[in-house]
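Reader: I have a model open and would like to talk it through before I set anything up. Could you walk me through it piece by piece?

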Amino acid sequence: QLQLVESGGGSVQAGGSLRLSCVFSGDSYVRYCMGWFRQSIGKEREAVATVDKMGNTAVVADSVKDRFSISQDLRARTIYLQMNSLKPEDTAMYYCAADRTRAGYCSGTFVDSLSITWGQGIQVTVSS
């Protein structure tokens, strides 16, 4: 059974950095588009960044494009979200996600909820 386990969250002051990790287990990693999402209190969950099995990355949230980056270690079956110059508005629960819709590619993924596996989420709090 596919499992995603996030780590690396916590509290940081504005301007600081954090790196989130998500370890994938229980299935073939290259079958999935991997991504990071976040949800703040009172807001809908939003996509932050994705990475496909070829290592192609996309930071999809306009508010973080110059500050966040996503990467992966195929051997370790781990994806990372490097977050720099953090702002209080980045405070949210961050979720790792895997979507098998496109056999490892990310175009058109994260639409059908039945194809998505979510991690348990990890809190990131940025204080001013």
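Reader: Which residues touch the most other members in the largest nonpolar core?
Author: This is a predicted model, and in its largest nonpolar core, which has 29 residues, the ones that touch the most other members are M34, W36, L81, M83 and Y94. Strands β3 (18-25), β4 (33-39), β5 (46-51), β7, β8, β9 (92-99) and β11 (122-127) each supply at least two residues of this core.

Reader: And what does M83 touch, leaving aside residues up to four places away in sequence?
Author: With those left aside, M83 touches G16, S17, L18, L20, R67, F68, Y94 and V124.

Reader: What share of the residues is buried, then?
Author: Buried residues account for 43% of the 128 in the chain. As for the surface, the chain exposes about 6700 Å², of which carbon and sulfur atoms supply 47%. If you look at contacts with a separation of 6 or more, 59% of them are between residues 24 or more positions apart.

Reader: Changing topic to the cysteines, how many disulfides does the structure hold?
Author: The structure holds 2 disulfides. One of them is formed by C22 and C96, whose sulfur atoms are 2.0 Å apart, and this pair links distant parts of the chain, with C22 in strand β3 and C96 in strand β9, 74 residues apart. Both C22 and C96 are buried.

Reader: Is the link of C22 and C96 left-handed or right-handed?
Author: The link of C22 and C96 is left-handed, with -75 degrees about the S-S bond.

Reader: And which cysteines form a disulfide with their sulfur atoms 2.2 Å apart?
Author: Those are C33 and C106, and they too link distant parts of the chain, since C33 is in strand β4 and C106 in the loop between β9 and β10, 73 residues apart. The torsion about the S-S bond of C33 and C106 is about 100 degrees, so that disulfide is right-handed. Both C33 and C106 are buried. With the bonded cysteines of the chain numbered in sequence order, the pairing is 1-3, 2-4.

Reader: I also have T109 selected; is T109 buried or exposed?
Author: T109 is buried, because its relative accessible area is 10%, which falls under the 20% cut-off. T109 sits in the loop between β9 and β10 (116-118), and its contacts, not counting residues up to four places away in sequence, are C33, D99, T101 and R102.

Reader: What about R77, where does R77 lie?
Author: R77 lies in the loop between β7 (68-73) and β8 (78-83), and it counts as partly exposed, at 28% relative accessibility.

Reader: What does the side chain of R77 reach?
Author: The side chain of R77 reaches the backbone oxygen of D27 at 2.6 Å. Not counting residues up to four places away in sequence, R77 touches C22, V23, F24, S25, G26, D27, S28 and Y29. R77 and V23 are 54 residues apart in sequence, while their C-alpha atoms are 6.0 Å apart in space.

How values were computed:
Residues numbered from 1 in each chain as written. Predicted model: local features only at pLDDT ≥ 70, side-chain atom pairs only at ≥ 80, totals over all residues. Heavy atoms only, no water. Helix = DSSP H or I, 4+ residues; strand = E, 2+ residues; numbered from the N terminus. Buried < 20%, exposed > 50% of the residue type's maximum accessible area, 1.4 Å probe, protein only. Contact = heavy atoms within 4.5 Å. Polar contact = N/O pair within 3.5 Å; in protein donor to acceptor, adjacent residues only side chain to side chain. Core = buried A, V, L, I, M, F, W, Y, C linked by side-chain atoms within 4.5 Å. Areas by Shrake-Rupley, 256 points an atom, 1.4 Å probe, with all protein chains shown as cover. Disulfide = S-S within 2.5 Å.
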